[in-house]
Amino acid sequence: MDRVVAALAIVGATLLSCAAPEADGPVAGAAPAAGAEPQEARPNILFLFADDQRADTIRAWGNELIDTPNLDRLVGEGWSFRRNYVFGSNSGAVCVPSRAMVLTGRSWMRSPNSMEGVPTLPRLLEAAGYRTFITGKWHNGEEALLRSFDRGTAIYLGGMADHTQTEVQDIEDGGMVRRRVGEKFSSELFADAVIEFLGEQAAAEASGESEQPFFAYVPFTAPHDPRQPPPEYRERYYERDLPLPANYMPQHPFDNGALILRDENLAAWPRTEDVIRDQVAEYYGLITHLDEQVGRILDALDENGQAQNTIVVYAADHGLSVGSHGLLGKQNLYEHSMRCPLIIRGPGIPWGMTNAFTYLYDLFPTLLAAGGVEAPPGIDGRDLAPFWSGGGVPTWRKSVFLPYRDVMRAVRDDRFKLIVYPQVNHRQLFDLTEDPDELENLIADPDHKETAARLEALLEGWQTAMGDTVPLSVADPAPLHRDLTGTEREPDRWQPDWIVEKYFD
Ligand SMILES: [Ca+2]
């Protein structure tokens, strides 16, 4: 740990000199939330965690094509982290390390995806007196689930499922019981389960039976594919004739080392404009449907009198491509795939937002601190409370490092982003201020030679700090270009018939 901390301090010092000042600290802050009072009791924590939701799919964050009234409400009442990222992935199933990182506060380079031997957020809160609960998706194995929680209903053990027939189980006496197929759409099923828990908790408090605060972890399976929202939710967006993503491409322009995998199979190559428009509509429909379930949960908090003393976190495990850059999945380091929503509302947290660089795993020490629990040593996350507490933000990250397996490495600062693809010896340099959609590669531009060298050094500094030994180039690179036109595809078993007929036949 000492070596890592020392090396990070070096990276931090290096970065201080090369980031624009506006990158750091709060950019807005205003009146405290209505009714906020000095807290005596420790707050409850309700953690709503979406699956595969891009940061640019929240209306209140600037996307006027999508309806998210309940997320907009959280944005309007809480603190937004506008440059929040997942710390890359060691697997094509980006969900798995993302969840392990948020529950342990450690990057995947320093903690196994099984979380074995590492203290988890729910257990630490439980040891400090919290009553913990889970409903929703658990993608890190049954053993790790039972190591983390004693209580939960409607839990889906796996990565994805048909949203209309998700197989769920409950935790009872340290084991999994009542395996069944959920009778409602996944998001409704999980919302029902947490609303029931909130009601029980409120009743126990009202009767004096329990004074324990709660930690409720609610990882939804939406908007992960199958992109099958109830029909009226997709019809709404088909009718709007959505524009193509600004960085729509029929195919990715080169082989990034992750072109062929399940997520990318969901449409034929080349991706046609009509297919991408429809898949974006279906994706937005899933998000709007999820948003309504979030609204039901927020209403339950209000009705139970719990809202004033509950921290609500809304986040997603990572983003998604859905047609951007010729890609569909999250197995790439573009902004659309690595950035994800993070909004925190609760007692003592005013409305506001920041452009500072955060990682999802910062939630680990943040939520522990909110519960009065000291974070264990050896973590990578940092407490986010200084952003909203008004006491000034300590020296903060001036860049983010994004590693994906051994095939991609990226670093971004306030303005520029370098992505390295070692296996094909290829690099991309983007000016995110001028080109937020990452379209114009400046790596060969003589005017940006110094910037490219600076970012390369920054990337190497992060590698040293994190103990990452993946080389940034190889002696015998694979061919750069790869045309996937006509590549055969097979649907996975979770896709419903209409999706198979529409996108596979
Ligand atoms: Ca995911």
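Q: What radius of gyration does the protein chain have, with 505 residues?
A: For 505 residues a compact globule would have a radius of gyration near 23 Å, where the globule rule is 2.2 Å times the number of residues to the power 0.38 and the radius is taken over C-alpha atoms. This is a predicted model, in which local features need pLDDT of at least 70 and side-chain atom pairs count only at pLDDT 80 or more, while totals for chains, interfaces and linings use all residues. Residues are numbered from 1 along each chain as its sequence is written.

Q: What percentage of the residues of the protein chain count as buried?
A: The C-alpha trace spans about 70 × 55 × 40 Å along its principal axes. A residue is taken as buried if 20 or more other C-beta atoms, placed from the backbone, lie within 10 Å of its own, as exposed if 12 or fewer do, and as partly exposed in between. Of the 505 residues, the buried share is 50%.

Q: Among contacts with a separation of 6 or more, what percentage is accounted for by residues 24 or more positions apart?
A: Two residues are in contact if their C-beta atoms, placed from the backbone, lie within 7 Å. Among the contacts in the protein chain with a separation of 6 or more, the share from residues 24 or more positions apart is 71%.

Q: How far apart do the C-alpha centres of domain 1 and domain 2 lie?
A: The protein chain is divided into domain 1 (1-22 + 399-474) and domain 2 (25-29 + 42-397), with bounds that come from an automatic or database domain assignment. The distance between their C-alpha centres is 26 Å.

Q: Which strand gives the largest share of the side of domain 1 that touches domain 2?
A: The contact between the domains takes 22 residues from domain 1 and 24 residues from domain 2. On the side of domain 1, the residues divide into 13 nonpolar (Ala, Val, Leu, Ile, Met, Phe, Trp, Tyr, Cys and Pro), four charged (Asp, Glu, Lys and Arg) and five polar (the others, Gly among them). The elements that give two or more residues to this side are strand 12 (400-404), strand 13 (408-412) and strand 14 (416-421). The largest share, four residues, comes from strand 12.

Q: Which strands are the edge strands of the open sheet formed by four strands?
A: The protein chain has 13 helices and 15 strands, which are DSSP runs numbered from the N terminus (H or I, at least four residues, for helices; E, at least two, for strands). Four of the strands form an open sheet in the order 12-13-14-15 with antiparallel pairing, where two strands pair if DSSP finds at least two bridges between them. The twist averages 10° from one strand to the next. Pairing on one side only identifies the edges as strand 12 and strand 15 (426-431).

Q: What angle does the direction of helix 12 make with that of strand 14?
A: Helix 12 (residues 449-466) packs on the sheet and touches strand 12, strand 13, strand 14 and strand 15. Axes are lines fitted to C-alpha atoms, for helices over the stretch in contact, and angles run from 0 to 180 degrees between N-to-C directions. On that basis the angle with strand 14 is about 65°.

Q: Which residue in the turn of the hairpin of strand 12 and strand 13 has a positive phi?
A: Strand 12 and strand 13 pair in the antiparallel sense over five bridges, with L402 opposite A410 and Y404 opposite M408. The hairpin has three residues between the two strands, and the turn residue with a positive phi, of about 40°, is R405.

Q: Which residues of strand 12 point the other way from V400, L402 and Y404?
A: In a regular strand the side chains alternate between the two faces of the sheet. Five of the five residues of strand 12 are buried, so this strand is largely enclosed by the rest of the structure. V400, L402 and Y404 point one way, and those that point the other way are F401 and P403.

Q: How many other C-beta atoms lie within 10 Å of D52?
A: D52 is in the loop between strand 2 (44-50) and helix 2 (69-77), and has a positive phi of about 70° although it is not a glycine. D52 is buried, and the number of other C-beta atoms within 10 Å is 29.
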